[in-house]
Amino acid sequence: MSSNERDFSEVYGYRFEDLELGMSAAVSRTVSEADILMFAGVSGDTNPVHLDQEFAASTMFGGRIAHGMLSAGLISAVFGTRLPGPGCIYLSQNLKFKAPVKIGDTVVARVTVKELKAEKRRAVFSTVCAVGASVVLDGEAELLIPARP
């Protein structure tokens with residue numbers, strides 16, 4: 001291999017053949033003011049429930065909350081960096097938002113292998129985000145996983 005070539009086998013995460021039912025991985029993040037402002041800037045979602053304390057105080061939440069998709073983005077972080085890791089392709093995701101996330105909350109996003117579809121190299125994962133013992137989001141995702149060369 002020349003110095004200009006890269007061995008892509010070293011870049012990939014788990015291959016389809018390495019996955020097993022029940023495998024799980026997680027990431028966590030404590031949500032900050034900056035996270036909410038940056039997410040609003042990137043997504044264009046400037047709903048005042050996320051950005052305006054006075055407005056948000058008058059809502060059922062009693063104050064500002066993080067964007068639900070900010071927590072959902074942590075699921076993508078698990079897939080892209082931990083399990084299955086680099087090389088996987090996100091095909092679908094369903095989400096149910098169960099509770100709000102506020103500034104200072106630590107969100108733990110966990111994915112767990114639920115089903116393996118060998119004929120198409122697809123894996124179905126349960127996806128859960130929690131703050132402490134409270135589930136704030138749950139759902140299911142399907143990913144295409146690279147095979148071994």
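Proline 84 sits in the loop between helix H4 (68-81) and strand E2 (89-97), where helices (H or I, at least four residues) and strands (E, at least two) are DSSP runs numbered from the N terminus. A cis peptide bond, with omega about 0 degrees, joins leucine 83 to proline 84.

This is a predicted model, in which local features need pLDDT of at least 70 and side-chain atom pairs count only at pLDDT 80 or more, while totals for chains, interfaces and linings use all residues. Residues are numbered from 1 along each chain as its sequence is written, and side-chain values use heavy atoms, with hydrogens and water left out.

Leucine 83 touches Tyr14, Leu19, Met23, Ser24, Ala25, Val78, Val111, Val113 and Phe125, residues up to four places away in sequence not being counted; contact here means heavy atoms within 4.5 Å. Leu83 is also, together with Phe79 and Phe125, among the residues with the most contacts inside the largest nonpolar core, which has 30 residues. Such a core is a set of buried Ala, Val, Leu, Ile, Met, Phe, Trp, Tyr and Cys residues joined through side-chain atoms within 4.5 Å, and buried means under 20% relative accessible area, exposed over 50%, and partly exposed in between (1.4 Å probe, protein chains only). Two or more residues of this core come from each of strand E1 (24-30), H4, E3, E4 and strand E5 (134-144), and the largest share, six residues, belongs to H4.

| Feature of H4 | Value |
|---|---|
| Span from first C-alpha to last | 21 Å |

Within H4, the residues Leu70, Ser71, Ala72, Leu74, Ile75, Val78 and Phe79 are buried, and what covers them includes E1, helix H1 (33-43), E2, E3, E4 and E5.

H4 also gives the largest share, three residues, of the lining of the largest cavity, which holds about 30 Å³ of space and is lined by Arg29, Val31, Asp35, Leu70, Ser71, Leu74 and Val107. A cavity is a set of points on a 1 Å grid over the protein atoms alone where a 1.4 Å probe fits but cannot get out, lining residues having an atom within 4 Å of a point; grid points are joined across faces, edges and corners, and the volume is the space filled by probe spheres set on them.

Elsewhere, arginine 121 lies in the loop between strand E3 (106-117) and strand E4 (122-131). Arginine 121 has a positive phi of about 55 degrees although it is not a glycine.

How values were computed
1 Å grid on protein atoms, 1.4 Å probe; cavity = no way out; pocket = protein on both sides within 12 Å on 5 of 7 lines; lining within 4 Å. Expected span 1.5 Å × (residues − 1).
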